[in-house]
Amino acid sequence: MNPIQASELLERAAASVTPSELDPASRMVGLGRRSVRRRRAWVAAGSVAAAVVAVVALPLVMAVPGRSHGDEASGGTVKFGGLSVVVPKGWRTSKVKTVDVCTAEPRTVYLAAAWADSSPLTVAPGSAPYICKSEGQAWMALVDHNWGQAVNPERLITKDGQLLQVDHGIKSSGWRYRAFNQVQATGVYISGDEQDREQLLKRVTWPAGPAAPPGGGLALPDRITSATSEYRGPMVTAMDAKTLNEIRTRLAELRDPVPDGEECTLQKPGRVGIAIDDVIVVLGDATCPQAISTGGGRVRAPAGLGKELLGLIVASDRAAVERKNKD
Amino acid sequence: MGLFRRVEPAGYEDFVASRYREIVRLGALLTGDGRLGEDLAQEGLIAAYRAWHRLGVPEGRPEAYVRRVMVRAAMRARRRRWRGEVPTEELPDASGGGFTDQSDLSVQVFAGLRRLPADQRVVLVLRFWADASEVEVAQSLGVAVGTVKSRTSRALASLRAMGLFVDSAKEMP
């Protein structure tokens, strides 16, 4: 018998390993949060850490509601997770536990519980980058456990009256979409060239998002207990009453609604997302001087307001840490 | 509403969702055990979460960072005698032929990996699965290239002695 190469032996063994976590991203976020919390508590025990604990407790209670979404095909239309897709002629549908974005077959609509990327973790030094066989191919996947809602989405567009979070997928030919106003929402991964993606996106029907508040403006919580955003990577949180009142007042002053058809795309790098209790508000810069709330409403907004509010949150966050370090 | 789910560092969840399986597989090889490998992977990913502000950028190389954390953890486990906690199945008698004759080759490989000292196992995985050069392995472990060579040689010899017909073009005399 010929000897087996060591690399082949290890590769075969590795290929037999299947992780036990179905939704590792959520799991790791939870563990990561706890890790950060422990570290913060060690460095600056007290109110800052306690505040994080309080906010972390919230999703544990409220993110639980499950969704039931049987999938069904009727004629050329597939329904899955609240979305419906008109399947292109000559395409097939495939229901899978996990769709692998590296090996996905062209001209296929996947209905998947989860997604993964099986491309190699490493490549030999000096060798060419690994190219997945799905790269550049036209296909799409509706994914239950997906990439999650972001406070600072790469891009926000409006389709069928629904606000969609859009970002570039792991693969260069892939883009990902999900409803922005829902914590749990079915995601859509679309692969192909720009024309393919546009055509495929048109085939997806999304449930309508929340209407604007009856009184106009942005939907905001009556009372704000925290405002959280990102500043150069790490999360920053404001919890003091003065800052929160100012943020709420400034947002409540925005009353000029954006008429249908005049929505612009809120996108990187200028947009600022702020999680305010149970809603997210995103404000654009000069390229799109509008603001939206996941609770409903789209209004015109001063171009610099997002940065201004982010500055308030950063200042509040730093002041809280400094206070604790003095104690 | 899951407030914190929405304010994760940009890109972290994507990274985990897309790379988790491969990272767990690396962990499984580094520990010789699938379950411990997942623990090791999670240790690396938690570290990445904390460091994401500098990893979640185009030049951040989060996978390399996670791998480095996992390798260090696997080596620390050796010092903590973590190896002793790993279940050790009896290896079949090698005299009747190599494991390559058996359908459960992967089971035999993991059993063989568990029998290796952690420092040999880590070198073997980095050299032959992660495709790192001897110099790269030496740098990442903080040992001499000669040490990498000898550990590699001993690891391959051990696997051969266990009945795994291992050959490698990378093995140096």
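Leaving aside neighbours within four places in sequence, which residues is A:L142 in contact with? Select A:L142 and look for A:F80, A:G81, A:L83, A:V85, A:Y110, A:L111, A:A112, A:T186 and A:V188. Two residues are in contact if their C-beta atoms, placed from the backbone, lie within 7 Å.

This is a predicted model, in which local features need pLDDT of at least 70, side-chain atom pairs count only at pLDDT 80 or more, and totals for chains, interfaces and linings use all residues. Residues are numbered from 1 along each chain as its sequence is written, with chains lettered from A and ligands numbered from 1 in the order in which they are written.

Next, colour chain A by secondary structure: six helices and 19 strands. Helices (H or I, at least four residues) and strands (E, at least two) are DSSP runs, numbered from the N terminus. Of the 327 residues of chain A, 41% count as buried, meaning that 20 or more other C-beta atoms lie within 10 Å of the residue's own, against 12 or fewer for exposed and partly exposed in between, with C-beta atoms placed from the backbone.

Now select the open sheet of eight strands in chain A, ordered β5-β6-β7-β11-β10-β9-β8-β15 with mixed pairing. Two strands pair if DSSP finds at least two bridges between them. The edge strands, each pairing on one side only, are β5 (92–100) and β15 (266–267) of chain A. Inside the sheet, β10 (174–179) and β11 (187–191) of chain A run antiparallel and are joined by five bridges; A:R178 has A:G187 of β11(A) as its bridge partner.

Move to chain B and select helix α9 (145–161), which has 17 residues. In α9(B), the buried residues are B:V148, B:R151, B:T152, B:A155, B:L156 and B:L159. Seen down the axis of α9(B), the buried residues fall within an arc of 130 degrees, so they line one face of the helix; the arc is that of the directions from the helix axis to the C-beta atoms. The face turned away from the buried side carries the exposed residues B:G146 and B:A161. After α9(B), stop at B:G163, whose phi is positive, near 105 degrees.

Terms used:
Expected span 1.5 Å × (residues − 1).
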